[in-house]
Amino acid sequence: MYSEKVMDHFSNPRNMGEIEDASGVGTVGNAKCGDIMRMYLDIDEGGVIQDCKFKTFGCGAAIASSSMATELVKGKTVSQALEVTNQAVMEALDGLPPVKVHCSLLAEEAIHAALWDYAQKNQIEIEGLQKPKSDVHEGEENQEEAY
Amino acid sequence: MEKVIYLDNAATTKMAPEVVEAMLPCFTECYGNASSIYSLGTQAKKALGKARETIAESLGAEPNEIYFTAGGSEADNWAVKATAEAYAFKGKHIITSAIEHHAVLHTCKYLEQRGFEVSYIGVDENGILKMEELKAAIRTDTILITIMFANNEIGTIQPIKEIGEIAKEKGILFHTDAVQAYGQLPINVEEYHIDMLSASGHKLNGPKGTGFLYIRKGIKSRSLIHGGQQERGRRAGTENIPGIVGLAAAAKRAFSIMEEKTEKEMRLRDYLIERIQKEIPYCRLNGDRNRRLPNNVNFSFQFIEGESLLIMLDMKGICASSGSACTSGSLDPSHVLLAIGLSHEIAHGSLRLTVSEENTIEEMDQTVECMKEIIEKLRSMSPLYEDFCKKNEGLS
């Protein structure tokens with residue numbers, strides 16, 4: 001079901017953990033859908049992401065997507081990190097099954113949420129960054145059964 | 001392939017050697033069409049009749065009340081749809097439970113779109129049907145009660161006899177999906193007042209693509225497949241003789257070894273439950289502790305997601321199953337786990353282990369050790385666990 005890359009990142013996740021006093025932290029997804037991603041960013045004064053760590057509650061694809069996303073943003077500038085899209089995460093993982101595409105979207109949103117938090121804390125505006133859509137609790141009420 | 005620990009016997013089972021042996025001559029020697037008049041055909045017909053007798057006997061039924069199908073889902077669909085259609089003149093109300101297999105639930109949904117009304121009776125926190133709710137749901141136009149014998153996910157066994165008595169008293173037909181129970185528990189259709197019963201071959205060490213529907217004599221039912229006199233004209237098509245012979249051989253085997261099999265499975269089951277409860281924190285046993293299938297273990301583990309757990313167990317050669325959404329291809333976790341009152345979050349972290357008499361205590365030990373390691377790893381990765389720990393630190 002999963003590519004070798006996905007299995008590799010799932011079994012040996014890179015950058016798993018927390019960053020104390022992180023420059024920005026973002027949490028997206030919700031437990032109801034079974035996926036929560038938290039991204040920690042350590043950003044230096046020059047706006048370069050020095051370190052990135054994640055924690056994820058979710059399936060194999062969610063864990064692999066988070067792991068890959070941290071690798072993709074590490075060492076990048078804030079604006080370069082914004083270009084790490086879900087597509088980029090998926091490609092780097094050699095693809096995801098169709099039902100798991102939302103996991104890569106969540107990874108993109110997690111980066112955005114952490115960047116948003118960084119921007120808020122520093123009272124700066126990052127061009128092209130919008131307030132993250134999903135939050136842990138957002139949308140819980142309007143989730144209805146499929147039938 | 002390295003040795004696997006197979007703990008998914010509710011999904012399917014390994015075929016028993018005697019079942020394979022019974023089937024083999026049907027492929028190459030006794031290969032005739034049971035409808036043909038020459039001896040090859042009559043041999044097949046004889047084998048078919050014998051198989052029907054074996055199945056009937058296992059349920060306390062008559063051979064002409066057994067209709068072979070291509071599996072449990074087909075039998076469920078047939079029972080519910082054909083009964084609804086045949087009795088629509090009497091009423092259009094059906095009663096079922098919230099924790100049925102999708103073969104029944106989706107069939108009910110289908111009927112709802114065609115003018116039938118369905119009441120979905122709730123279950124308690126252990127998955128036992130709320131009998132008062134069932135009684136209250138009965139109407140003058142209720143034509144069918146369909147309640148599963150035992151649940152496929154959490155193993156809870158329903159008070160089938162009681163339900164059968166209520167149905168009989170009210171003159172309502174009673175169907176039970178016994179796919180998980182048949183071959184695991186003694187069933188007598190007379191004693192339990194069962195009018196229709198579905199079962200499947202591959203859950204009891206028999207072949208896949210086989211099953212049957214028991215229909216009590218005198219019950220109206222529409223034909224499922226038209227085009228021949230097979231199965232008393234109700235399910236046309238040349239009979240799957242090897243499959244049917246295999247199904248009967250599997251049933252015969254299951255009923256003859258039931259006592260010792262149950263004893264062995266229960267010992268493994270209880271050992272597994274006790275070790276998990278004792279050694280893995282923040283877990284919940286799903287399903288009734290006592291009224292449960294002898295081979296079923298189902299736990300929810302807080303802060304982790306089931307699919308990750310399954311993949312990591314698979315890497316260690318352990319086959320299990322989960323009610324997590326990710327394993328069902330939707331965003332919703334198992335309807336059964338939600339019906340017993342679990343939150344989405346807890347339902348996502350569920351694991352089902354279903355043992356067989358071939359498993360060993362050593363395998364249970366190995367499984368628990370792997371689970372402990374994996375669950376700890378997944379929790380260390382979980383933001384939910386992080387929040388939980390921080391909250392606890394704050395409190396202390």
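**Where the chains meet**

Analyst: The contact draws 23 residues from chain A and 24 residues from chain B, where two residues are in contact if their C-beta atoms, placed from the backbone, lie within 7 Å. On the side of chain A that touches chain B, the elements giving two or more residues are helix 1 (4-11), strand 2, strand 3 and helix 2 of chain A. Strand 3 of chain A gives the most to that side, with 3 residues. By class, the side of chain A that touches chain B holds 12 nonpolar, 6 polar and 5 charged residues. Here Ala, Val, Leu, Ile, Met, Phe, Trp, Tyr, Cys and Pro count as nonpolar, Asp, Glu, Lys and Arg as charged, and the others, Gly among them, as polar.

A word on the model before going on. This is a predicted model, in which local features need pLDDT of at least 70 and side-chain atom pairs count only at pLDDT 80 or more, while totals for chains, interfaces and linings use all residues. Residues are numbered from 1 along each chain as its sequence is written, and chains are lettered from A and ligands numbered from 1 in the order in which they are written.

Now to the sheet of chain A. Its 3 strands form an open sheet in the order 1-2-3, with antiparallel pairing. Helices (H or I, at least four residues) and strands (E, at least two) are DSSP runs, numbered from the N terminus, and two strands pair if DSSP finds at least two bridges between them. Strand 1 (24-30) and strand 3 (49-57) of chain A are at the edges with a single partner strand each, so one side of each is left without a neighbour in the sheet. From one strand to the next, the twist averages 15°. Strand 2 (residues 35-43) of chain A is joined to strand 3 of chain A by 8 bridges, and Met37(A) stands opposite Thr56(A) in strand 3 of chain A. Helix 2 (residues 60-73) of chain A packs on this sheet, touching strand 2 and strand 3 of chain A, and its direction makes about 175° with that of strand 3 of chain A. Such axes are lines fitted to C-alpha atoms, for helices over the stretch in contact, and angles run from 0 to 180 degrees between N-to-C directions.

Chain B comes in through helix 13 (residues 383-395) of chain B, which lies across strand 1, strand 2 and strand 3 of chain A and runs at about 90° to strand 3 of chain A. Leaving aside neighbours within four places in sequence, Leu384(B) is in contact with Ala31(A), Ile36(A), Phe57(A) and Phe303(B). Leu384(B) is buried, with 21 other C-beta atoms within 10 Å; a residue is buried if 20 or more other C-beta atoms lie within 10 Å of its own, exposed if 12 or fewer, and partly exposed in between, with C-beta atoms placed from the backbone. For a sense of scale, Leu384(B) and Gly218(B) are 166 residues apart in sequence and 57 Å apart in space, C-alpha to C-alpha.

Elsewhere in chain B, an open sheet of 7 strands has the order 2-8-7-6-5-3-4, with mixed pairing.
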